[in-house]
Amino acid sequence: MSEEQGLLPVGFVKNFYFCQQIPYINLVMHVFEPETESMVYGRERHLRFHAQYLPRGIRAVRVETDVWLAGPRLGLSGVLDALVHAVFGELVPCELKVSGLGRGGAPLKDLVQLTAYAMLVEEVYGRTVKRGVLYYSEDGGKHVVYFRDSLRGLVRKAVEAMRKMVETEKPPTARSLDKCAGCWYSRICWGGPVNRQP
Ligand code: SF4
């Protein structure tokens with residue numbers, strides 16, 4: 001099951017929490033950002049999630065990489081970087097980022113994206129998933145995400161809002177104005193690059 005069968009890619013949920021305009025531009029206007037440098041870098045280096053990227057406390061028995069997941073109940077599909085089969089039968093979804101974690105911690109968009117994958121793992125495997133790992137290759141940062149109800153609610157909220165966007169073709173009112181500088185979609189939203197904070 002895939003996009004053609006009505007499932008939205010998980011990446012759209014991530015973009016929704018960067019700026020709600022992006023899924024609207026993708027889904028309704030059918031305009032997409034060309035592959036970015038970091039995407040090419042990740043693909044060309046064949047970056048793969050390894051067991052050593054896991055924090056202490058999560059002991060891997062087996063690591064499956066590039067795991068295709070489709071969840072008709074959730075309405076999403078996507079390829080998870082890694083699904084760690086840990087001791088005591090625990091399933092731990094993991095994502096590898098080519099950026100750095102820094103001091104500010106993991107951004108909301110990454111937390112919600114990993115939560116969406118966790119919910120897909122639960123739907124596909126019929127098991128409860130309680131935590132996952134974000135690994136940031138630039139600075140080696142590791143962040144354990146606990147899939148609380150609040151994060152799960154944000155995933156459902158994004159799916160519902162994006163379905164409504166497609167149905168009504170109505171653009172969202174929210175714009176992440178603090179992120180316009182450097183955003184590829186500024187050519188759609190503002191007719192060109194935004195060089196300073198609006
Ligand atoms: S340019 Fe600004 S408003 Fe438009 S998608 Fe990017 S962040 Fe959102």
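Visitor: Why is strand β3 largely enclosed by the rest of the structure?

Guide: This is a predicted model, where local features need pLDDT of at least 70, side-chain atom pairs count only at pLDDT 80 or more, and totals for chains, interfaces and linings use all residues. Residues are numbered from 1 along each chain as its sequence is written. A residue is buried if 20 or more other C-beta atoms, placed from the backbone, lie within 10 Å of its own. Strand β3 covers residues 76–86 and is largely enclosed because, of its 11 residues, the number buried is eight.

Visitor: In which sense do β1 and β3 pair, parallel or antiparallel?

Guide: Strand β1 spans residues 8–9. Pro 9 has Ser 77 as its bridge partner in β3. Over two bridges, the sense of β1 and β3 is parallel.

Visitor: Which residue takes a positive phi in the hairpin of β3 and β4?

Guide: β3 pairs antiparallel with β4 (residues 91–97) over four bridges. Leu 83 is bridged to Pro 93 in β4. Four residues lie between the strands, and the one with a positive phi near 65° is Phe 88.

Visitor: Which residue takes a positive phi in the hairpin of β2 and β3?

Guide: That hairpin also has four residues between its strands. The residue with a positive phi near 90° is Gly 75.

How values were computed
Buried ≥ 20, exposed ≤ 12 C-beta atoms within 10 Å, placed from the backbone. Pairing = 2+ DSSP bridges.
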